[in-house]
Structures are given as structure tokens and as C-alpha cells.
Amino acid sequence: DNVKQDCKKKPCVYDNMDSCNLDLECAWNVDAVECEVKKCNYGNQAACETTEPGMCVWNSNNKCVPAPCKQYGNEKLCMADDSCEWSTAIAPGACEVKYCRKYCNMETSICNEDECNQDAACLTDTATSICKEKECGMLKEQCACHKEPGCFWLSGDKTCVDQKYGTCPTLDLVVVFDGSASMSQVFGRHPHGFYGMVEMLRAWVGGLPLSGE
């Protein structure tokens, strides 16, 4: 303990799920396969919402739980949840709720369709009734596609695609990274050049109509 300058036993050092979950201060992390100190372990709403601002919320069952997506400590776990996305707008990166999910109840996954569709950046997915970031591929009718400035209708395929790529031929992409020693230095807000390059590449690739081949 750095405050009291004394030695304390490290909490939640259990090596199995049963022992871990018997300790009220601990929780077994199934993904990391380890015992961790339970997040947002507060017994009242005031402590829940003010002790760790933005990290914990008081839910409808009168329990303090991690705020949506905040429970994921790495990109792999974050991206596995369709409600979340890994944000590289901050350093280091963090898991955040997707923009259009603000029109959904995160506990019930029920979305307000009217509010969702009134937001120019969002659209209700007819297959799942979930409010998602609007993409040209979600528009199934030609007229709806033409109404969107950034979309292009492919008459042959009868699909709506991003206008930037709608008339482009199929091609392969090759990305080359600088391998010099300079890449090991601080890169903007990133502690290492390669970290910054990979995050920028990942964000760029996310908007490309890749075939997956």
C-alpha cells in the first residue's frame, strides 16, 4: 500500500473459478481465465456513479455494474461485442459504445427506431431491429440509395455501395511499413511507431469494401 506504506496481501489470487467466485470482492474472468478484483463493486447508486465517473452505472436491478463496453480491457474482447468498438481516438485505445447504440437500451437491446432513423448517421437494421451506423450496403432499394449523397447503385448487382468505390475495378492492396529504427520512437500520441501505424491502418481498412479473399 503506497499510501500507508505497509505490505498487504494481493487480492483475488485464486487459480480456479469456484474459489474466486466465493470471494465477494472477486470475479472470474472467463476470457482471460483468471481471477480479478470485481469491477464496480459499490453498494449504492451515489458511490457507483461518482467513485469512478463514466466507468460504472446503476442498472434497473439496483446493482452497480461496469458501464457498457468498459468491462473489456483489450481490443479482441471489445470487438467480439457487436455493441462496442475499439476507439483509437484516445491513447491508449479503449472500448467504447458504438455511436448509434445510444438509441438502444443496452440492457434489453431494444432500440428506438424513430430516433435512430432521424439521425442522418444511423439506420435501423431491418433484419435485427438494431440501430447501426448507416452504410450504403444496408439500403436495399434503388431510390433509397440514390437519396444518400455518398452512395452509388450498381444496376447489374442491384446493390448499393459506397460512391468512392462503386466504379472501381477489383484490385489488390499492398501495404509497406518503414522498418527503420525511427519507428521505435514515439509516434504522435503512440509510444511506438508501429503501434500508431497499425491503428491508423486498422481504422482505414474498416471503411474499405474488402472481399475477404
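1. Six salt bridges turn up in a search of the whole structure. The model is a predicted one.

2. Start with Glu96 and Lys70. They form a salt bridge, with 3.3 Å between the closest N and O atoms. The pair links distant parts of the chain, 26 residues apart. Glu96 sits in strand E6 (residues 94-97), and Lys70 in the loop between E4 and H3. Glu96 is partly exposed, at 26% relative accessibility. Lys70 is also partly exposed, at 24%.

3. Next, Arg101 and Asp82. Their salt bridge has its closest N and O atoms 2.6 Å apart. Arg101 lies in the loop between E6 and helix H4 (113-118), and Asp82 in the loop between H3 and E5, so the pair ties together parts that are 19 residues apart in sequence. Is Arg101 buried or exposed? Arg101 is buried, because its relative accessible area is 5% and the cut-off for buried is under 20%. Asp82 is partly exposed, with 43%.

4. Glu148 and Lys134 also meet through their side chains, in a salt bridge of 3.1 Å from N to O. Glu148 is in the loop between helix H5 (142-147) and strand E9 (151-154), while Lys134 is in the loop between strand E8 (131-133) and H5, so parts 14 residues apart in sequence are tied together. Glu148 counts as partly exposed at 22% relative accessibility. Lys134 is partly exposed too, with a relative accessible area of 27%. Salt bridges with shared partners also build a network, which joins Asp82, Lys98 and Arg101.

5. Now the disulfides. How many does the structure hold? There are eleven. One of them joins Cys40 to Cys56, with an S to S distance of 2.0 Å. The link of Cys40 and Cys56 is left-handed, with -85 degrees about the S-S bond. This pair connects distant parts of the chain: Cys40 in the loop between E2 and H2, and Cys56 in strand E3, 16 residues apart. Both Cys40 and Cys56 are buried.

6. Cys69 and Cys84 make another disulfide, their sulfur atoms 2.0 Å apart. The link of Cys69 and Cys84 is left-handed, at -90 degrees about the S-S bond. Cys69 lies in the loop between E4 and helix H3 (75-79) and Cys84 in strand E5 (residues 84-87), so the bond ties together parts that are 15 residues apart in sequence. Both cysteines, Cys69 and Cys84, are buried.

7. Cys104 is joined to Cys111 by a disulfide (S to S 2.0 Å). The link of Cys104 and Cys111 is right-handed, with 95 degrees about the S-S bond. Both Cys104 and Cys111 are buried.

8. Cys143 is exposed, with a relative accessible area of 56%.

9. Last, the backbone. Most residues other than glycine have a negative phi. Cys40 has a positive phi of about 55 degrees, although it is not a glycine. Cys40 lies in the loop between strand E2 (34-37) and helix H2 (45-51). Its relative accessible area is 6%.

10. Asn62 has a positive phi as well, near 60 degrees, and is a residue other than glycine. Asn62 is found in the loop between strand E3 (56-58) and strand E4 (64-66). Asn62 counts as exposed, at 54% relative accessibility.

Conventions. Residues numbered from 1 in each chain as written. Predicted model: local features only at pLDDT ≥ 70, side-chain atom pairs only at ≥ 80, totals over all residues. Heavy atoms only, no water. Helix = DSSP H or I, 4+ residues; strand = E, 2+ residues; numbered from the N terminus. Buried < 20%, exposed > 50% of the residue type's maximum accessible area, 1.4 Å probe, protein only. Disulfide = S-S within 2.5 Å. Salt bridge = Lys/Arg side-chain N within 4 Å of Asp/Glu carboxyl O.
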